[in-house]
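The tour goes from one selection to the next.

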Amino acid sequence: MADSPEKRGWIGRIWNAIWTPAVMFSSGFLILAGFLAGILFWGGFHWTLELTNTEEFCTSCHTMETNLGEYRETIHYSNHSGVRAICSDCHVPHEWNHKIKAKIMAVKDVYHELAGTISTPEKYEEHRLSMASAVWKKMKASDSRECRNCHNFDYMDFTIQETRAASEHQRAIDNNMTCIDCHQGIAHSLPPDYLEEYQKVTEEVASESNGSLPQQIADGSEEIRSYLTTQAD
Amino acid sequence: MLEFLGTVGANIIGLPGILGLALGMMTRRIWLGAVMGGLVGIFETLVFAHWDFTKFGASDLLIAVVIGLCAGSLGSVIRIKGATV
């Protein structure tokens, strides 16, 4: 036999109140109140989520100082057009489902900050290849989705690109390649032996997707990187 | 593991979780709520892959459908418990 309301604990009383029909509020009042509460909750949730997309938030951890320093030397930080891509533009997807997944997975960054996994330059260098590899794998698997938020082959006017850039982009289209195939190291320094690692990444992604993804790395990728670094200077 | 947790979390506060729950609350038949939630899971996966079947894995689809099924069932249970109509 159920306990009387007086004998229930506070959790039991709250549970009971939740499932007891409201007698003092009309349906219209409850619908409107629920609607307004929903807007406030969702607005607050989304606003908070956007705060975690700011550069200040991303680089507020000590372990992100190295990444920040490297990124500030690149064309994505400073360029002739005045357009800047911050951390979240490259590392956080725009679409809701992918964005939430990325945010949940980013909890690992907090863990590694607390654990001090990359807290010294030596430790950072030790993990550079594996960190880069993880990002390349995501980008390769998503067809460089985050790059394509700003860059799109369809919007490129090859006639005003440098001859080599136009030719490489045309080759990328012809061979169904993706941005990260050539532009690894576009925002952060490259680890030694990165090409071998990238080849492994492409093979891994291709095997996971039943070989439907291309496994190519552009010829002259070193030249592309040197060109982009020069542009940033 | 992290990939799995991320996918589960994204689906819970994505369409399968929220719309699945809402659709489930529209019926007292738990199986119907679950089916509607599961369909939302399929729909959501296809929408975010831009209707390209090569752009999502079987595990992504499976997780979305399972979350949709659970959310839809939960919605129906809430309807049974919390409404007299």
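How many residues does the contact take from chain A and from chain B? It takes 13 residues from chain A and 15 residues from chain B, where two residues are in contact if their C-beta atoms, placed from the backbone, lie within 7 Å.

Some notes on reading the model come next. This is a predicted model, in which local features need pLDDT of at least 70 and side-chain atom pairs count only at pLDDT 80 or more, while totals for chains, interfaces and linings use all residues. Residues are numbered from 1 along each chain as its sequence is written, and chains are lettered from A and ligands numbered from 1 in the order in which they are written.

Select helix α6 (residues 96-105) of chain A: seven residues of this helix form the largest share of the side of chain A that touches chain B. By class, that side of chain A has six nonpolar, four polar and three charged residues.

Now select residues 15-24 of chain B, helix α2, and residues 30-48 of chain B, helix α3. They pack at an angle of about 150°, with their axes 8 Å apart. α2(B) and α3(B) are therefore roughly antiparallel to each other (angles over 145 degrees count as such). To see the contact, show L15(B), P16(B), L19(B), G20(B), L23(B) and G24(B) on α2(B), and G33(B), M36(B), G37(B), V40(B), G41(B) and E44(B) on α3(B).

Last, colour chain B by pLDDT, the predictor's confidence in each residue, from 0 to 100. Chain B averages 91, and 100% of the residues score at least 70.

Technical notes:
Axes fitted to C-alpha atoms, helices over the stretch in contact; angles between N-to-C directions. Helix = DSSP H or I, 4+ residues; strand = E, 2+ residues; numbered from the N terminus. Parallel < 35°, antiparallel > 145°, perpendicular 65-115°, else oblique. Nonpolar A, V, L, I, M, F, W, Y, C, P; charged D, E, K, R; others polar.
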